[in-house]
Amino acid sequence: MNHKRQPHHGGPFINCSCGLAHLERIHRHWWMKILPWLRFYCCSRCGKSQLASKRAVSFAVTSLRSGSEAAQVPAP
Ligand SMILES: [Zn+2]
C-alpha cells in the first residue's frame, strides 16, 4: 500500500508556474459560482486545472500577444 501524493495537484486554488497566458477556459464546477470573480482554467502546458481571475488572465494574454513579457513568470 503506497499512498503517494501527486505534487502537481495542489487543488484549484494553486496556480501552476507556467504563466497565466497559457490558461484555457474550461467549464466551472457548480460550487465555483460562489466565486463569481474567478474563472476556471486548464493550463495548456502542464494540464493543471486552476482558478484565476478573468482580469489577470486577460491581462497576461494581452501582454503576451503584444510582445511584452512583463506579465510572464520571471526568469530564474
Ligand atoms: Zn501549467
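A residue counts as buried if 20 or more other C-beta atoms lie within 10 Å of its own, as exposed if 12 or fewer do, and as partly exposed in between, with C-beta atoms placed from the backbone. Ser44 has 11 C-beta neighbours inside 10 Å and therefore counts as exposed. This is a predicted model, in which local features need pLDDT of at least 70 and side-chain atom pairs count only at pLDDT 80 or more, while totals for chains, interfaces and linings use all residues. Residues are numbered from 1 along each chain as its sequence is written.

Ser44 lies in the loop between β2 and β3; helices (H or I, at least four residues) and strands (E, at least two) are DSSP runs, numbered from the N terminus. Neighbours within four places in sequence aside, Ser44 is in contact with His22 and Glu24, contact being C-beta atoms, placed from the backbone, within 7 Å. Between Ser44 and Arg25 the C-alpha to C-alpha distance is 10.0 Å, at a separation of 19 residues in sequence.

## The sheet

Three strands form an open sheet in the order β1-β2-β3, with antiparallel pairing; strands pair if DSSP finds at least two bridges between them. At the edges stand β1 (23-25) and β3, each of which pairs on one side only. Neighbouring strands are turned by 50° against each other on average, direction ignored. These angles are taken between lines fitted to C-alpha atoms, for helices over the stretch in contact, and run from 0 to 180 degrees between N-to-C directions.

β2 pairs with β3 (residues 49-53) over 5 bridges in the antiparallel sense. Ser53 in β3 is the bridge partner of Leu38, and Ala52 in β3 stands opposite Arg39.

α1 has 12 residues and spans 17 Å from its first C-alpha to its last, close to the 16 Å expected, where the expected span is 1.5 Å times one less than the number of residues. Gly67 follows α1 and has a positive phi, near 95°.

## The nonpolar core

The largest nonpolar core consists of 7 residues: Leu20, Ala21, Leu23, Tyr41, Cys43, Val57 and Ala60. Two or more of its residues come from each of β2 (38-43) and α1 (54-65). Such a core is a set of buried Ala, Val, Leu, Ile, Met, Phe, Trp, Tyr and Cys residues joined through C-beta atoms within 7 Å.

Beyond four places in sequence, Leu23 is in contact with Tyr41, Cys42, Cys43, Ala52 and Val57.

Definitions and conventions: Two residues are in contact if their C-beta atoms, placed from the backbone, lie within 7 Å.
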